[in-house]
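Hi everyone, thanks for making time. I'd like to walk you through one structure today, starting with the whole chain and ending at a single residue.

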Amino acid sequence: IAFLQGAFGLRHKVSGEFLREVHGADGEVLKTPFGQPRIEPFGNGPPAEFQFTGTAFLLKGGRYLVTNRHLAEPWTSGNRLASFEASGLQPELLKLIIFLPEIQGSIETKVVGISETADLAILSIEHPNLTDRGLSLAERTPRAGDELYLLGYPTGLKALLARADREIIRSVSDGKDVDFWSIAERLSDAGQIDPLASQGIVAQVGPDVVVYDAETTVGGSGGPALNQNGKVVAVNTAILPEFGGSNIGVPVNELKVLLSTLPPTRK
């Protein structure tokens, strides 16, 4: 089960330039009156990053990962895309990496498949130690009343740090060379990237949705819902906190449809 970390930037359509941070003479990031970093198409700093985390999971064979479309294309959440387009901006991924338990360091990945009908995406990955790892897909969708197990990284870095040892927490608290990217690298190097698990019951099954009460929250998106045989029956996609903590997954059949559109695996 992979911890997914990424960032996207905004390209100005007229100039073709990314919005970039504006740095002062001594290299400090200049701020707006509201305390936000100042960004401009011709800024003198790096491209402004809109960072996000989530969950993905490795498929059997170690070549592909599954996650949500709203993580592979995070600007599609809510009305973000319409707002960007109205401002003459085009979002683009700047970086997309994953961390896996028992493997040190980040692994680069790229989007190779996006569903047009479901909140699903396929990522490709190349790593020599993954061919014998990965999850299998269930033959059928679950039924109401079935037990399932949900895995993921709810609350992202916050939960990982809450479970980290004192040395990691101390190094982060020192604030030296610590940022969004380096914290995850430190946790990975220390072998402290592990998903959280919850158990629940399937409440409802429809053609394009599975509803269950296994607990999760923001950051758990893209995680697998497993049956009692450890096979994927759904991909977690949304939470319904106003309805008794119920959560929503995309049925495994939708994932099989998306996988069928990918080119055959080379042997």
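**The chain, then one glycine**

Let me start with contacts: counting those in the chain between residues at least 6 apart in sequence, 68% join residues at least 24 apart. Please keep in mind that this is a predicted model.

As for secondary structure, the chain has 6 helices and 15 strands. How does the radius of gyration sit against the globule rule? For 267 residues, a compact globule would come out near 18 Å, and the chain has 20 Å, which agrees.

Now the surface. Buried residues account for 45% of the 267 residues. The accessible surface is about 13,900 Å², and carbon and sulfur atoms hold 51% of that.

Let's zoom in on Gly 105. You'll find Gly 105 in the loop between strand 6 (89–99) and strand 7 (107–108). Is Gly 105 buried or exposed? Its relative accessible area is 12%, so Gly 105 is buried, the cut-off being under 20%.

And which residues is Gly 105 in contact with, leaving aside neighbours within four places in sequence? They are Ile 98, Phe 99, Glu 185, Ser 188 and Asp 189. Take Ser 188: Gly 105 and Ser 188 are 83 residues apart in sequence, yet 5.6 Å apart in space, C-alpha to C-alpha.

That's my tour, and I'm happy to take questions.

Terms used:
Residues numbered from 1 in each chain as written. Predicted model: local features only at pLDDT ≥ 70, side-chain atom pairs only at ≥ 80, totals over all residues. Heavy atoms only, no water. Helix = DSSP H or I, 4+ residues; strand = E, 2+ residues; numbered from the N terminus. Rg over C-alpha atoms; globule rule 2.2 N^0.38 Å. Buried < 20%, exposed > 50% of the residue type's maximum accessible area, 1.4 Å probe, protein only. Contact = heavy atoms within 4.5 Å. Areas by Shrake-Rupley, 256 points an atom, 1.4 Å probe, with all protein chains shown as cover.
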